Amino acid sequence: MKATYQDFLDENPRCGKDLISNQHAQATFFLLSSDRNIIAMIDASEAGRPAIEATYSDVEDYYDRNKSSDFDLSIDHRRTVVGCMIKTILAPFGYLPVEPKTKTQKELSRSAGAKYFKSGSCYYFDPTAPATMQICRTVMEIS
């Protein structure tokens with residue numbers, strides 16, 4: 001089962017107090033949780049890149065269309081919250097942050113053109129992690 005917004009709140013109590021009913025935080029979580037974005041974040045992770053690098057444009061576009069003082073991406077803490085969301089979302093697939101923490105963060109590619117995000121955590125697949133989900137890619141012949 002995919003991670004839920006409640007999983008995120010439970011795993012990140014410091015983030016959660018003011019986000020329990022925050023519609024923009026919830027929308028951001030659901031945006032990041034789309035199959036397309038999960039696959040993109042895993043692909044970025046496999047390439048040694050920060051997971052947010054694959055999805056920042058969706059998050060920034062949503063924020064720019066729905067400016068909100070209660071989920072303001074120009075504030076460091078809110079960008080950290082997005083990182084916590086990604087950690088929660090990737091965990092069921094067996095992806096964990098690269099440790100130690102100082103090596104987890106990596107600058108986004110300059111060509112990415114991100115407005116709010118400058119760096120993000122990198123993840124690796126841990127075959128011993130308690131994964132409950134996996135990405136299945138297949139090639140199918142169309143008749």
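Helix 3 and helix 4 are among the elements that cover the buried residues of helix 5. Here, helices are DSSP runs of H or I with at least four residues, numbered from the N terminus, and buried means under 20% relative accessible area, with exposed over 50% and partly exposed in between (1.4 Å probe, protein chains only). The buried residues of helix 5 are Tyr 56, Asp 58, Val 59, Glu 60, Tyr 62 and Tyr 63.

A quick word on the ground rules. You're looking at a predicted model, where local features need pLDDT of at least 70 and side-chain atom pairs count only at pLDDT 80 or more, while totals for chains, interfaces and linings use all residues. Residues are numbered from 1 along each chain as its sequence is written, and side-chain values use heavy atoms, leaving out hydrogens and water.

## How the helices pack

Let's compare some helix pairs. Axes are lines fitted to C-alpha atoms, for helices over the stretch in contact, and the angles run from 0 to 180 degrees between N-to-C directions.

| Helix pair | Axes | Crossing angle |
|---|---|---|
| Helix 3 and helix 5 | within 10 Å | roughly 155 degrees |
| Helix 4 and helix 6 | 11 Å apart | about 95 degrees |
| Helix 3 and helix 6 | within 10 Å | roughly 45 degrees |

To put words to angles: under 35 degrees is roughly parallel, over 145 roughly antiparallel, 65 to 115 roughly perpendicular, and the rest oblique.

Start with helix 3 (residues 23–32) and helix 5, whose axes cross at roughly 155 degrees. That angle makes helix 3 roughly antiparallel to helix 5. Helix 3 passes helix 5 in a right-handed crossing; a crossing is right-handed if the near helix is turned clockwise from the far one by less than a right angle, and left-handed if anticlockwise. Which residues of helix 3 and helix 5 meet? On the helix 3 side they are Gln 23, His 24, Ala 27, Thr 28, Leu 31 and Leu 32, and on the helix 5 side Asp 58, Val 59 and Tyr 62. Contact, by the way, means heavy atoms within 4.5 Å. Sorted by class, this contact of helix 3 with helix 5 has five nonpolar, three polar and one charged residues. For these classes, Ala, Val, Leu, Ile, Met, Phe, Trp, Tyr, Cys and Pro count as nonpolar, Asp, Glu, Lys and Arg as charged, and the others, Gly among them, as polar.

Next up are helix 4 and helix 6, which pack at an angle of about 95 degrees. These two are therefore roughly perpendicular to each other. Helix 4 brings Ile 38, Met 41, Ile 42 and Ser 45 to the contact, and helix 6 brings Ile 86, Ile 89 and Leu 90. By class, that contact of helix 4 with helix 6 comes to six nonpolar, one polar and no charged residues.

Helix 3 also meets helix 6, with the axes crossing at roughly 45 degrees. That makes helix 3 oblique to helix 6, and their crossing is right-handed. Ala 25, Thr 28, Phe 29 and Leu 32 of helix 3 make the contact with Val 82, Met 85, Ile 86, Thr 88 and Ile 89 of helix 6. The residues in this contact of helix 3 with helix 6 split into seven nonpolar, two polar and no charged.

## A cluster of rings

Now for the aromatics. Rings of Phe, Tyr and Trp (its six-membered ring) pair if their centres lie within 6.5 Å; planes under 30 degrees apart count as stacked, over 60 as edge-to-face and the rest as tilted. By this rule the count comes to six aromatic pairs. In one of them, the rings of Tyr 5 and Phe 8 have centres 5.6 Å apart and planes at 40 degrees, so the pair is tilted. Tyr 5 and Phe 8 sit three residues apart in helix 1 (residues 5–11), which puts about one helical turn between them. Buried or exposed? Tyr 5 counts as buried at 7% relative accessibility, and Phe 8 counts as buried at 0%. The rings of Phe 29 and Phe 30 have centres 6.0 Å apart and planes at 80 degrees, so that pair is edge-to-face. Phe 29 is buried too, with a relative accessible area of 0%. Tyr 5, Phe 8, Phe 29 and Phe 30 form one aromatic cluster.

## Two spots in the loops

Pro 50 is in the loop between helix 4 (35–46) and helix 5 (56–65), and it is buried at 0% relative accessible area. Not counting residues up to four places away in sequence, Pro 50 touches Ala 44, Lys 106, Glu 107, Leu 108, Gly 120, Ser 121 and Cys 122.

Ser 68 lies in the loop between helix 5 and helix 6 (76–90). Ser 68 is buried, with a relative accessible area of 10%. Leaving aside neighbours within four places in sequence, Ser 68 is in contact with His 24 and Tyr 63.
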